[in-house]
Every structure is written in C-alpha cells, then in structure tokens.
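Thank you all for making the time this morning.

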Amino acid sequence: MRSWYRVGIFVSVVVTILVLLPFGARAQEAPPISDGTQSGDNSAPQPTQAPPAFQQGYAPTYTVRATREGLVGKRTANGYRIPERAWFVALPSWKVLSSQGGNEFQVRVTYEDKSIVVPVWDVGPWNTNDEYWTPERRFYRDLPVGMPMAQAAVQFGYNGGLDMFGRKITLGNGIDIADGAFLDGLGMRRNDWVRVSFLWMGLDPGPQGQIDASASSAAYPAGTVIVDNGSQAYTSAAKVAWYDNFCGLNGKHDWTIGTINPATSENTATWSTQINQIGYYEVMAFIPPCGRAATRAAIYKVNTNGAERDVWVDQALQSGRWASLGMYNMANPGTSSVTLTDVTGDDAQGVRFDAVMWVPRYDTMPPVSWIQEILPMAGGAYLVRWGGNDDVSGINSYDVAYRLNGGEWVTWQGGTGASEALFSPPSKGEFQFRARARDWMGKEAAWSEDPVTMKSIVVP
Ligand SMILES: [Ca+2]
Ligand SMILES: [Ca+2]
C-alpha cells in the first residue's frame with residue numbers, strides 16, 4: 001500500500017531544515033535517545049504480537065520525553081501546594097490546566113509495563129503555549145502534531161533552540177511528572193520517553209490500546225510516497241522471528257538484533273514503490289524512538305532504476321527522525337526500493353524497521369564551490385583541490401581558473417568532473433585560483449571570488 005499526501009509546507013519545512021544541514025551539523029546536537037543502555041524488559045526480545053486495532057474516538061497517543069517535576073513545597077499553576085510523592089503532570093499550555101484538585105484534563109502515561117491516569121495540574125515544561133497534542137495547536141504549527149516544541153528545539157534547533165521566553169532548551173521534554181507518579185506510579189528512575197494519551201480528546205484507550213501517532217503527520221510534500229512496515233509494499237523475511245515495538249509510524253515497527261557476520265544473518269526487509277514521475281527524490285527512513293539500543297551502523301541498500309547504493313545510518317543518533325538515505329535521480333519511470341537486513345557494522349544492537357519515504361525534491365539553486373587547498377609537491381608542482389555542493393541534483397562539473405599577479409583569468413580546468421589536479425606554474429609570481437560549478441540541471445554558479453573560496457600561492 002502506498003500513501004500519497006497532499007501539499008504540506010509545514011512538515012516539508014522541517015524536513016528541509018534537516019536536509020539542508022550537513023550530516024555533521026545534525027550530529028552536533030545529539031537527539032534524546034530512548035534506548036541507550038535501557039534496563040529491564042525493553043532490552044529483551046519480546047515475541048511478536050498483533051497490535052491492538054485502532055478505533056475512532058479514542059484519545060490520541062504520542063511518545064514524548066518525560067522529566068520529573070520535583071518542586072516539593074512549591075505551588076503549581078493551579079495553586080496546589082506540592083507534597084512529597086505527588087501525583088499529577090504538567091503540560092506546556094495553560095489551555096489544559098485542571099482546576100485545583102480537579103480532573104478536567106487528565107492524561108494516561110505509560111512507561112514500560114506501567115500505566116497510570118493522572119490530572120494536569122501544572123504548566124510546563126518550558127513553554128506555556130505549546131498544545132502539541134492537537135492539530136489545532138495555536139503555535140509552532142509547522143511542527144508535526146505530537147512533537148513538543150522543546151523536542152524540536154533540541155533535536156534540530158527549532159526556534160534557535162530557545163523556548164518562548166528565550167531560554168536555551170536543554171531537555172526536549174513534553175511532559176513533567178510529579179514525583180509520586182514518576183517514581184511510584186511509573187517506576188521511572190530517570191528521564192525517559194513515555195507514551196501519553198490526552199484523555200480530554202477522546203476515550204481512554206487503556207494501556208494496551210494506545211496507538212502512537214507521533215510520526216504519522218498527515219502533511220508531506222506533494223508526491224511523497226510512504227511505505228510503512230506491515231503494508232503491501234513492505235516485504236520481510238525472517239529465519240527465526242521478528243519482534244514488535246509500539247512506536248513509530250502508525251504506532252508500530254519491526255525490529256531484530258543485528259549481527260556483524262553475514263553468515264548468521266536472519267532478517268531482511270524491503271520497502272519498494274513504483275515511481276512514474278521522473279525527477280529527484282530524497283529517500284528517507286524513519287527511525288522509531290523506542291526499544292533496545294539501536295545500531296550505530298545500519299546498512300540500507302537503496303535501489304533506483306537498477307543502480308544500488310549502500311547507505312550507513314546511525315539509528316541511535318537518528319532516533320525519532322526521518323534519516324536521509326540520500327538524493328536519487330529517477331531518470332526513468334520504474335521501481336525504487338530500499339532493503340535493510342540485520343547485518344550491521346556493529347554487533348548485537350537493535351535494528352529498527354519502520355517506514356521509508358520518497359520525497360520529490362526540486363533543484364532550485366546553483367551549486368556553490370570553492371578552492372579547497374593548494375599543496376606544494378615535489379618538483380615545484382602544486383596539488384590544487386576544489387570542491388562544492390548542490391541543493392538537489394549534485395555537481396556535474398567544475399571550471400577552475402587562475403590569474404598571475406592579479407592579471408587576466410586563465411581557464412585552467414574546464415568542465416571537469418575531477419576535484420583536484422596538479423598545477424605546474426608557468427612562471428614565478430602570485431597565482432590565485434577560483435572555481436565554479438554546474439549542477440546536473442545545468443545551473444551554473446558564479447565564480448567563487450571571495451577570500452574564503454579563493455586560494456593563492458606565491459611561486460618563488
Ligand atoms: Ca510502522
Ligand atoms: Ca542545484
């Protein structure tokens with residue numbers, strides 16, 4: 001089954017932000033990772049079980065990061081003086097604050113095998129205007145429903161990483177839980193991800209009926225194809241078993257334990273789709289944010305028009321996000337597929353199989369390019385290196401030119417696909433180099449002519 005979604009600038013903005021950042025930049029702010037060295041039942045394989053059927057009318061459930069409120073002796077936003085081991089939660093909006101002692105707004109919070117219903121008696125963490133649980137949220141409407149603004153701030157620098165008061169957000173939490181509920185009710189010993197059902201929005205689904213909708217926002221760029229695990233376009237095979245976990249797109253994903261040894265591989269799965277509209281697509285895999293510690297080296301094989309590319313993904317780092325598997329040119333209508341197996345670059349870590357999507361991308365910018373470095377070599381020659389990058393289609397070719405002592409520019413390399421060459425100076429003097437690039441759509445950049453992108457050498 002494949003799903004086509006209508007134009008949605010909101011999530012596409014989010015996705016674009018992730019895409020435009022270089023990989024390393026994304027890695028700077030480590031996302032909250034729910035797995036890590038999780039103790040208890042979650043690290044042990046659980047037998048596959050059928051998910052509870054989703055039924056209309058039930059309160060929505062999202063996975064969010066929870067912190068312990070503490071503040072014993074202080075008053076909550078509704079005037080309740082916090083005793084030791086109190087039972088209530090805080091959500092970051094004044095709109096859902098119960099009266100003192102009241103239960104107008106309650107949530108079901110589930111953590112591992114414990115699930116409790118508690119009233120909302122305080123406002124926070126961070127913001128007081130973030131109704132992330134509803135599509136009618138008044139603020140931060142460009143975020144997926146179910147994603148607290150604080151989480152987005154930590155995960156990808158949303159709002160400059162600041163809350164509504166301009167404070168630097170240090171924890172991407174969406175709920176604060178009072179001590180009694182946290183420690184005694186849920187058995188939590190540290191801040192972690194929990195499932196929260198917002199009970200004023202529907203019937204209580206109970207601990208078993210919670211369907212996590214965190215990743216299933218309805219808004220993606222037009223033409224986006226999403227293939228989820230369990231759908232017809234997802235095929236999987238296991239010599240022994242698959243395991244389930246109840247988070248990810250449509251509230252469920254498959255997982256298994258990775259092996260470094262291909263000879264002991266047991267699981268393989270493929271997401272595929274027919275693409276009729278030629279053009280560039282970014283292929284992305286959703287990494288669900290729950291379960292056994294995830295592999296730091298999952299190996300996705302992306303196949304487009306019969307050409308295959310291996311893409312390594314740090315599933316632990318990308319937890320809770322769409323991880324980019326790169327940009328692909330569907331030059332002809334045809335099939336594109338992504339295959340993931342349990343063969344990983346590290347051993348005995350969890351491998352998460354959830355959803356893969358193909359997002360149409362349109363090349364709108366010429367590339368940028370620069371002279372990287374100039375290295376003196378033996379015999380009086382110089383190794384000149386250049387580089388660049390492009391928004392979508394990639395760099396087709398470069399031109400490199402030099403000038404002597406500020407004179408006329410001389411094209412030295414024209415239309416080359418290479419990114420380095422040996423330069424033998426024809427004379428003494430100062431040689432200055434510049435570069436330009438064109439992408440696969442024929443868009444050509446201006447020459448790089450600022451001090452950062454040019455380099456020069458003085459030949460004695
Ligand atoms: Ca799924
Ligand atoms: Ca371009």
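This is a predicted model: local features need pLDDT of at least 70, side-chain atom pairs count only at pLDDT 80 or more; totals for chains, interfaces and linings use all residues.

**An antiparallel pair and its sheet**

Let me begin with strand 22, residues 395-404, and strand 25, residues 429-439, which pair in the antiparallel sense over 9 bridges. Strands here are DSSP runs of E of at least two residues, helices are runs of H or I of at least four residues, and both are numbered from the N terminus; two strands count as paired if DSSP finds at least two bridges between them. Within this pair, Asp 399 has Arg 436 of strand 25 as its bridge partner.

Residues are numbered from 1 along each chain as its sequence is written, and chains are lettered from A and ligands numbered from 1 in the order in which they are written.

Returning to the sheet, it is open and has 4 strands in the order 23-22-25-26, with antiparallel pairing. Its edges are strand 23 (410-416) and strand 26 (455-459), each of which pairs on one side only.

For the chain as a whole, we have 4 helices and 26 strands. Of its 460 residues, 44% are buried, where buried means that 20 or more other C-beta atoms, placed from the backbone, lie within 10 Å of the residue's own, exposed means 12 or fewer, and partly exposed lies in between. If we take contacts between residues at least 6 apart in sequence, 73% of them join residues at least 24 apart, a contact being two C-beta atoms, again placed from the backbone, within 7 Å.

What, then, encloses helix 3? Helix 3, residues 149-156, is largely enclosed by the rest of the structure, because 7 of its 8 residues are buried, and what covers those buried residues includes strand 2, strand 6 (173-177) and strand 16 (321-330). After helix 3 comes Gly 157, with a positive phi near 70 degrees.

Finally, consider Ala 86, in the loop between strand 2 (61-68) and strand 3 (89-91). Ala 86 counts as buried because it has 22 C-beta neighbours inside 10 Å. Setting aside neighbours within four places in sequence, Ala 86 is in contact with Ala 178, Asp 179 and Gly 180, and its C-alpha atom is separated by 6.6 Å from that of Ala 181, 95 residues apart along the chain.
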